[in-house]
Amino acid sequence: MDLHYTAEESAFRDTVRAFLDAHLPADLQRKVRQHLRLNRDDYVRWHKIVAQQGWAAPAWPVEHGGTGWTAVQRHIWEDECARAATPPILPFGVNMVAPVIMAFASAEQKAYYLPRILNCDDWWSQGYSEPGAGSDLASLKTTAQRDGDHYIVNGQKTWTTLGQHADMIFCLVRTDSTVRKQEGISFLLIDMKTPGITVRPIIMLDEEHEVNEVFFDNVSVPVSNLVGQENKGWTYAKYLLGHERTGIAAVGRSKRELTFLKQLAMQQTKRGAPLLHDPAFAAKVATLEIELMALEMTVLRVISDEGKGPGPQASMLKVRGSELQQQLTELMVEAIGPQALPFDPAFLDGGAPHGAGGDDLAAPLAAYYFNYRKTSIYGGSNEIQKNIITQMILGL
């Protein structure tokens, strides 16, 4: 593997950087850089800007509206978006359900859903986890009983990220309870406006409404919303999770946050000198930076196998990526010390121009730290990912 970028790839980076410099709204950039909360309009506005450029779905095939970029170009795009502090293109439509639709859905489903995902006409959410089926996803209990040309769905999903904004939800449902649990699952696309759906907020440690419970009470879903074959949903679910876990590594974002951490540590003092010059703290930052560089090299090795779908290596990226994201927030809070104590939701939500404690950079960091306890849990807990690595990579 050649880890040096070609002249063409460097020129592509310049093109991407010029686009971001010209088109990223300053208010969105400020929110991302200062760890303030994004609302629905923020996400949709940025998605539509990128979609107008034709870059909203870099990994899609050209025939479906993708860019035709190589894996390295996609990595450069993600790296530059993180450096510039763009809002994320939410993964639930573009990176998660869309690959499943492309691989397993009917021609009619592809023609209807893919353009709407590409243009952010529909906001998608994920209906996988349940109260008794998180990392052990195959134990899900939500049922879909066939009734003529509809399924009647009953059950509950949980930890549904940003489901309060969703137009559509892709769900794993049990269509056969008489067979082995992995063999009786189907993959349904459900309109969130359908009668019988109730969304209830789950408030996070940082008091943000980010995740939800979604209840289905005799929800009628057309059979035409079934993706692929009935009872084959577990295959589609695993395919989707591989795409989800690869992106969770978020190397570009962690590189941006490392730069922020260094700037923060230069502004804090210890014994009259910048905290970053303190040998003990500097050693922690250096260790984290080395680990992040190693993770980036691992990501580059994985993407160099272009043409192969995401395999068990995705679990490795998810584990290490989430651990480093948490370590970054831990060092940020350590750097600012007592300044992390004030909690200012008005500033976080954009209702106040400055933090109540007087330091706008420090004000959101405790909430950021608490929020990022989630990264080692979502997308399949790290403990489960380590089991996958043990079995699929190490062969133990």
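How are helix 9 and helix 10 oriented to each other, roughly parallel or roughly antiparallel? The model examined here is a predicted one, in which local features need pLDDT of at least 70 and side-chain atom pairs count only at pLDDT 80 or more, whereas totals for chains, interfaces and linings use all residues. Residues are numbered from 1 along each chain as its sequence is written, and side-chain values use heavy atoms, with hydrogens and water left out.

Helix 9 (residues 279–304) and helix 10 pack at an angle of about 155°, and their axes lie 10 Å apart; helices here are DSSP runs (H or I, at least four residues; strands are E, at least two) numbered from the N terminus. Axes are lines fitted to C-alpha atoms, for helices over the stretch in contact, and angles run from 0 to 180 degrees between N-to-C directions. Helix 9 and helix 10 are therefore roughly antiparallel to each other, given that angles under 35 degrees count as roughly parallel, over 145 as roughly antiparallel, 65 to 115 as roughly perpendicular and the rest as oblique. The crossing of helix 9 with helix 10 is left-handed, a term used if the near helix is turned anticlockwise from the far one by less than a right angle, right-handed being the clockwise case. Contact (heavy atoms within 4.5 Å) involves residues of helix 9 including Phe281, Leu288, Leu292 and Leu295, and residues of helix 10 including Met316, Leu317, Leu324 and Leu328. By class, the residues of this contact comprise 13 nonpolar, four polar and four charged, where Ala, Val, Leu, Ile, Met, Phe, Trp, Tyr, Cys and Pro count as nonpolar, Asp, Glu, Lys and Arg as charged, and the others, Gly among them, as polar.

Helix 2 and helix 3 (residues 40–53) pack at an angle of about 120°, with 11 Å between their axes, and are therefore oblique to each other. Their crossing is left-handed, and the contact joins Asp27, Leu28 and Lys31 of helix 2 to Asp42, Arg45 and Trp46 of helix 3. Two of these contact residues are nonpolar, none is polar and four are charged.

On a 1 Å grid over the protein atoms alone, a cavity is a set of points where a 1.4 Å probe fits but cannot get out, a pocket is an open set with protein on both sides within 12 Å along at least five of seven lines, and lining residues have an atom within 4 Å of a point. Grid points are joined across faces, edges and corners, and a volume is the space filled by probe spheres set on the points. Two cavities of 30 Å³ or more are counted. The largest cavity holds about 130 Å³, and of its 13 lining residues, His47, Leu90, Cys120, Asp122 and Trp123 are the closest to its centre. Helix 3 and helix 5 (91–104) each supply at least two residues of this lining, which by class has ten nonpolar, two polar and one charged.

The second largest cavity holds about 40 Å³, and among its lining residues are Arg253, Glu257, Leu328 and Tyr372. Helix 8 and helix 10 (313–336) give two or more residues to this lining. Glu257 also lines the second largest pocket, together with residues including Val32, Arg83 and Phe260. This pocket contains about 160 Å³ of space, and helix 8 provides the largest share of its lining, five residues.
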